[in-house]
Amino acid sequence: MSTLNLVPWRERQRLAVFRRWQVGVVLGAIATTLTLVAIEQALGNINQAHEARLEALHAQQQALQQQLTEAPVWQTRERQAQQLQQAWPHWQQLQLQAWQALTHLLSVAPHGVQVIHAEWREGQWRLQVRALHWRHVQHWQTQLQARGVQVRGQPTVLNRILWRCPQGRLWRLNTYELISPSLAGASS
Amino acid sequence: MRRLFSRSTRRSLGLLMLADGLALAQASAPAQGPLHIQHWHWLALQDAPKMQHSLLAGWPEPSWLRMACQQAGCAAQDAALAIEEARLRRFSLQLQSGLNVREQVKAIELELQRQMPWPLSDTVWDFHCLAAPAGPTLAEPHQRPDWLVAAMQAQAVQHVEVLATQRAWVAACEHWCRAAGLWLVRLEPAWQAEQRWRRQPQPASDKAAQLLAPEVQAQVGGLALGVLAP
């Protein structure tokens, strides 16, 4: 049976299909654009995070390299500190002995002798004294020896200076060197 | 909307314009139940105000039709109209068989451009494939025997029947229906509606139906049924 219909349904159907196609194209374009934007955004975020991570790793690497460069210095310093820490009681003991030796030296008043310089070196006291004559120094040595303190010295004059006394007279002062006995195992 | 509320009852209105009146038939297709003619009605056009439109001369004003339909209890919105024979151009064409619909349409448009007295852009047309040659038998296609239909379909040539009319007249009909509160869904020749009615006849127990001539009844009933079950 025929189904002729002169209402222009074919044209309307074609138009509806065309409009659906247009809507589909527009929606597809919008969806594609949104997808591309989303992908670009996601890739941008990933790239940014990656760059930040790279930068952090680079900074960490630089810090580690710095530490690596300074490591021998710090190791040396640490070793020195350990050595110092180990040697410290011995030094304290040595210092005590040095003070005791100096106390013994000064337990006898040095009449006629002027101590101008005292130096602790290699476990013994080196004293520079001024006196008018070597005999004054020998006298002080004898007094010290009587107290059990040994001090050796040479009558060699290191230098001479002139000294004016309050009465106006000029005196010649000689400089001698005295050395105390060395302490066992001591060093400067 | 119809798909959204597919369970609602669908109604259609068949309109047949005659010289002295307007025959109406409202078909109803409930969600659960058979398709049937719900109302028959006859509107005499003696006192009806007439259209001033030259293409629809003698037709009643749509506002009058709207009021008359309401008074008659017609609630349909989809309508079918019978096209006047005088406005109809009929062609029988032979096309190469095996063409798809798009190619058939293109071939028919070329033929219509050659045969129609007005441009193709001013033409509304439709076609259906035939299995019979052009001639007097086309006027009564239901009389073709099945063996002839099968034999003609086996041929390498495809016969198509084309109906054409002026676009302006179709547009005027659509505007007239819209003004009357109807949506023109089908515009077909009266013989096609009558043929449909003969295939699925409905009992006419209504008083108004008995006032209509059997031929008019078949045509307007076929129009109403055609909207719901083409």
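## A walk through a two-chain predicted model

The buried residues of helix H2 of chain A pack against helix H1 (9–105), strand E1 (113–121), strand E2 (124–131), strand E3 (152–153) and strand E5 (170–179) of chain A. This is a predicted model, in which local features need pLDDT of at least 70 and side-chain atom pairs count only at pLDDT 80 or more, whereas totals for chains, interfaces and linings use all residues. Residues are numbered from 1 along each chain as its sequence is written, while chains are lettered from A and ligands numbered from 1 in the order in which they are written.

Helices (H or I, at least four residues) and strands (E, at least two) are DSSP runs, numbered from the N terminus. Helix H2 of chain A covers residues 134–146, and its 13 residues reach 18 Å from the first C-alpha to the last, close to the 18 Å expected at 1.5 Å a residue; the expected span is 1.5 Å times one less than the number of residues. Its buried residues are Val137(A), Trp140(A) and Leu144(A), and seen down the axis of H2(A) they fall within an arc of 60 degrees, so they line one face of the helix. That arc is taken over the directions from the helix axis to the C-beta atoms. A residue counts as buried if 20 or more other C-beta atoms lie within 10 Å of its own, as exposed if 12 or fewer do, and as partly exposed in between, with C-beta atoms placed from the backbone. The face of H2(A) turned away from the buried side carries the exposed residues Arg135(A), Thr142(A), Gln145(A) and Ala146(A). After the helix comes Gly148(A), whose phi is positive, near 90 degrees.

Around this helix, chain A has two helices and five strands, which run α-β-β-α-β-β-β from the N terminus on. Of its 188 residues, 10% count as buried. Two residues are in contact if their C-beta atoms, placed from the backbone, lie within 7 Å, and among the contacts in chain A with a separation of 6 or more, 55% are between residues 24 or more positions apart.

Chain B has seven helices and eight strands. Buried residues make up 30% of its 230 residues, and residues 24 or more positions apart account for 70% of its contacts with a separation of 6 or more.

One sheet of chain B is open and has three strands, in the order E5-E7-E6, with antiparallel pairing; two strands pair if DSSP finds at least two bridges between them. Strand E5 (89–96) and strand E6 (123–130) of chain B stand at the edges with a single partner strand each, so one side of each is left without a neighbour in the sheet. From one strand to the next, the twist averages 25 degrees. E5(B) and E7(B) pair in the antiparallel sense over eight bridges, and here Phe91(B) stands opposite Val162(B) in E7(B). E6(B) pairs with strand E7 (residues 157–166) of chain B, also in the antiparallel sense, over eight bridges; in E7(B), Gln166(B) is the bridge partner of Thr123(B), and His159(B) stands opposite Leu130(B).

Two helices lie across strands of this sheet. Helix H2 (residues 101–115) of chain B lies across E5, E6 and E7 of chain B and runs at about 130 degrees to E5(B), whereas helix H4 (residues 167–179) of chain B lies across E6 and E7 of chain B, at about 65 degrees to E7(B). For such angles, axes are lines fitted to C-alpha atoms, for helices over the stretch in contact, and values run from 0 to 180 degrees between N-to-C directions.

Another open sheet of chain B has five strands in the order E3-E2-E1-E4-E8, with mixed pairing. Strand E3 (36–44) and strand E8 (183–189) of chain B stand at its edges, each with a single partner strand, so one side of each is left without a neighbour in the sheet. Neighbouring strands are turned by 20 degrees against each other on average, direction ignored. Strand E1 (residues 10–17) and strand E4 (residues 78–83) of chain B run parallel and are joined by four bridges, with Gly14(B) opposite Ala80(B) in E4(B). Helix H5 (residues 190–199) of chain B packs on this sheet, touching E4 and E8 of chain B, and its direction makes about 95 degrees with that of E8(B).

The contact between the chains takes eight residues from chain A and 19 residues from chain B. By class, the side of chain A that touches chain B has five nonpolar, three polar and no charged residues, where Ala, Val, Leu, Ile, Met, Phe, Trp, Tyr, Cys and Pro count as nonpolar, Asp, Glu, Lys and Arg as charged, and the others, Gly among them, as polar.
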